[in-house]
Amino acid sequence: VYKRQGLIQPIPGTDSTMTILHPDYNLDSFLNSLGNTGKFSAAASVQMLGLGFTVSNDWYVDLSFSLKANASVYLPNDFFTLMLKGNESFIGSSMDLSGLGGEAMGYMELGMGLSKNINDRLRVGGKFKILSGLASFSIDNKRLEMEVNEDFSHNIYSDVTMNFSGPFLITSDEDGLLDDIEIVDDKFALAYFLNPEENNYGAAIDIGAEYKLFDRLSVSASIIDFGFINWKNDLHSIQATDDFAFDAFDMTDVISGGIEFDDMMTELGDSLRKSFTVVEPNNKFKTFLPTKLFLGAQYRPLKSLGVGVLSRTTFNNGHVSQALSLSGSFYAGDAFSTSLTYTMINRSYANLGFGFAVKAGPVQWYTIVDQLPMSWVRFESGGDSFALPNRIDYVTLRFGLNLVFGKVKQKATDKPMLLE
């Protein structure tokens with residue numbers, strides 16, 4: 001997820017477009033769309049094994065094993081202003097960058113879920129999940145201020161710690177300054193992560209309920225991924241607690257052609273590397289999963305037709321994001337179903353989604369795509385022309401197959417209570 005407005009803009013009076021690096025690009029429009037903080041996030045989940053079955057008609061049991069990863073980076077508005085418009089407006093003042101932060105983690109998840117019909121109208125469920133952390137990274141930003149001097153140099157005042165856990169090799173020079181961060185290939189293997197002595201254990205729960213107000217109207221609520229991982233093995237830490245200075249550079253130099261983007265990033269990396277020292281890590285640290293709260297309602301005017309509304313609130317390391325989706329679904333018995341969704345998220349109001357499922361014998365194939373952008377522009381590069389989305393806030397793609405065996409006596413009970 002990244003809040004942004006029009007990274008590609010049309011060039012007035014032409015059929016061409018320009019990127020954010022073009023000198024005529026409207027940077028104020030982009031910066032105003034960010035709010036106080038811009039957020040990048042990504043997530044991936046691969047279910048390696050899933051098994052569900054009913055017991056005594058009223059109970060549904062769900063067993064699963066998955067590999068998951070998620071990452072988020074938070075950048076204050078002043079950071080983008082500095083990089084894109086230069087530091088002239090900050091001369092003689094300082095900016096607070098304590099909102100800069102981020103975290104990433106990869107882990108294995110083994111879960112068991114149960115759901116039950118309490119009565120004809122109420123169904124409740126829960127899932128307990130054992131987590132095994134593979135690797136993680138987090139930023140503990142207690143203080144980060146930047147002061148711009150009259151000669152355009154920068155003074156940095158910092159108290160920032162970066163914590164790592166996983167198969168990493170972090171080396172320092174003779175002064176204790178950060179030299180390099182490498183991945184140890186020999187440790188990046190399943191046997192290493194399955195070793196109990198190398199494990200970083202955690203736990204999480206899902207809970208939910210569905211209540212049928214009327215025969216055709218039901219409401220639901222659920223909390224997904226309320227949990228944590230304790231990281232205690234293969235710990236590494238680097239820290240920047242001293243004041244330091246470095247020469248100015250920003251994206252305006254790239255836009256004007258004064259420096260290549262790769263060279264600027266190399267200079268930035270060298271400056272950051274000289275500011276961090278390798279320190280003894282803490283005994284352990286804890287990270288929390290991005291927790292999601294779902295509230296929904298569905299109305300079935302016909303057996304083959306359903307309309308619904310779903311609210312999704314995500315809580316991630318003190319940051320909250322909100323999305324609201326409207327949906328329409330069509331059911332052709334058990335053989336085919338399809339749905340269309342419209343989503344509002346991160347001040348973006350042009351997102352469509354589509355999904356379908358086809359069942360042939362015991363095999364059910366499904367595909368779901370959420371929040372496809374509705375606004376596209378034509379982009380030309382090197383003589384080639386292709387369409388790109390004007391804005392992307394959040395895109396989800398899911399596909400797979402289910403193997404369904406046995407005769408279902410009561411369709412309403414043969415489904416998991418919690419869906420991520």
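This is a predicted model: local features need pLDDT of at least 70, side-chain atom pairs count only at pLDDT 80 or more; totals for chains, interfaces and linings use all residues.
1. Contact here means heavy atoms within 4.5 Å. Under that rule, and leaving aside residues up to four places away in sequence, Val 219 touches Ala 209, Glu 210, Tyr 211, Leu 213, Gly 296 and Ala 297. Val 219 lies in strand β12; strands (E, at least two residues) and helices (H or I, at least four) are DSSP runs, numbered from the N terminus.

2. Residues are numbered from 1 along each chain as its sequence is written, and side-chain values use heavy atoms, with hydrogens and water left out.

3. Overall figures. The protein has five helices and 25 strands. Of its 420 residues, 38% count as buried; buried means under 20% relative accessible area, exposed over 50%, and partly exposed in between (1.4 Å probe, protein chains only). Val 219 counts as partly exposed because its relative accessibility is 30%. The accessible surface of the protein is about 23400 Å², and 58% of that belongs to carbon and sulfur atoms. Areas come from the Shrake-Rupley method with a 1.4 Å probe; for residues, only the protein chains shown count as cover. Among contacts between residues at least 6 apart in sequence, 63% join residues at least 24 apart.

4. Nonpolar cores. A nonpolar core is a set of buried Ala, Val, Leu, Ile, Met, Phe, Trp, Tyr and Cys residues joined through side-chain atoms within 4.5 Å. The largest one has 19 residues, and those with the most contacts inside it are Met 95, Met 146, Met 162, Phe 164, Ile 238 and Phe 276. Two or more residues of this core come from each of β7, β8 (154-165), β9 (168-172) and β13 (235-240). The largest share, five residues, is that of β7. A second, separate core of nine residues includes Met 105, Ile 229, Trp 231 and Leu 289.

5. Surface patch. At least two patch residues come from each of β7 (122-148), β11 (200-212) and β12 (217-231). With three residues, β11 gives the most. Ile 130 sits in strand β7 and is partly exposed, at a relative accessible area of 43%.

6. Salt bridges. The structure holds eight salt bridges, each being a side-chain nitrogen of Lys or Arg within 4 Å of a carboxyl oxygen of Asp or Glu. In one of them, Lys 127 pairs with Asp 62, with the closest N and O atoms 3.2 Å apart. This pair links distant parts of the chain, 65 residues apart: Lys 127 is in strand β7 and Asp 62 in strand β4 (residues 59-76). Lys 127 counts as buried because its relative accessibility is 10%, and Asp 62 counts as buried because its value is 16%. Arg 143 and Glu 145 form another bridge, at 3.7 Å between the closest N and O atoms. Arg 143 is partly exposed, with a relative accessible area of 37%, and Glu 145 is partly exposed at 28%.

7. Charged network. Salt bridges link Lys 68, Glu 109, Lys 129, Asp 206, Asp 225 and Lys 292 in a network. Within this group, the side chains of Glu 109 and Lys 129 meet in a salt bridge of 3.6 Å, N to O. Glu 109 in strand β6 (residues 101-117) and Lys 129 in strand β7 are 20 residues apart, and the pair links distant parts of the chain. Both Glu 109 and Lys 129 are buried.

8. Is Asp 206 buried or exposed? Asp 206 counts as buried because its relative accessibility is 1%. Asp 206 is found in strand β11, and its side chain makes a polar contact with the side chain of Lys 129 at 3.1 Å. A polar contact is a pair of N or O atoms within 3.5 Å; within protein, one must be able to donate a hydrogen and the other to accept it, and residues adjacent in sequence count only if both atoms are side-chain atoms.
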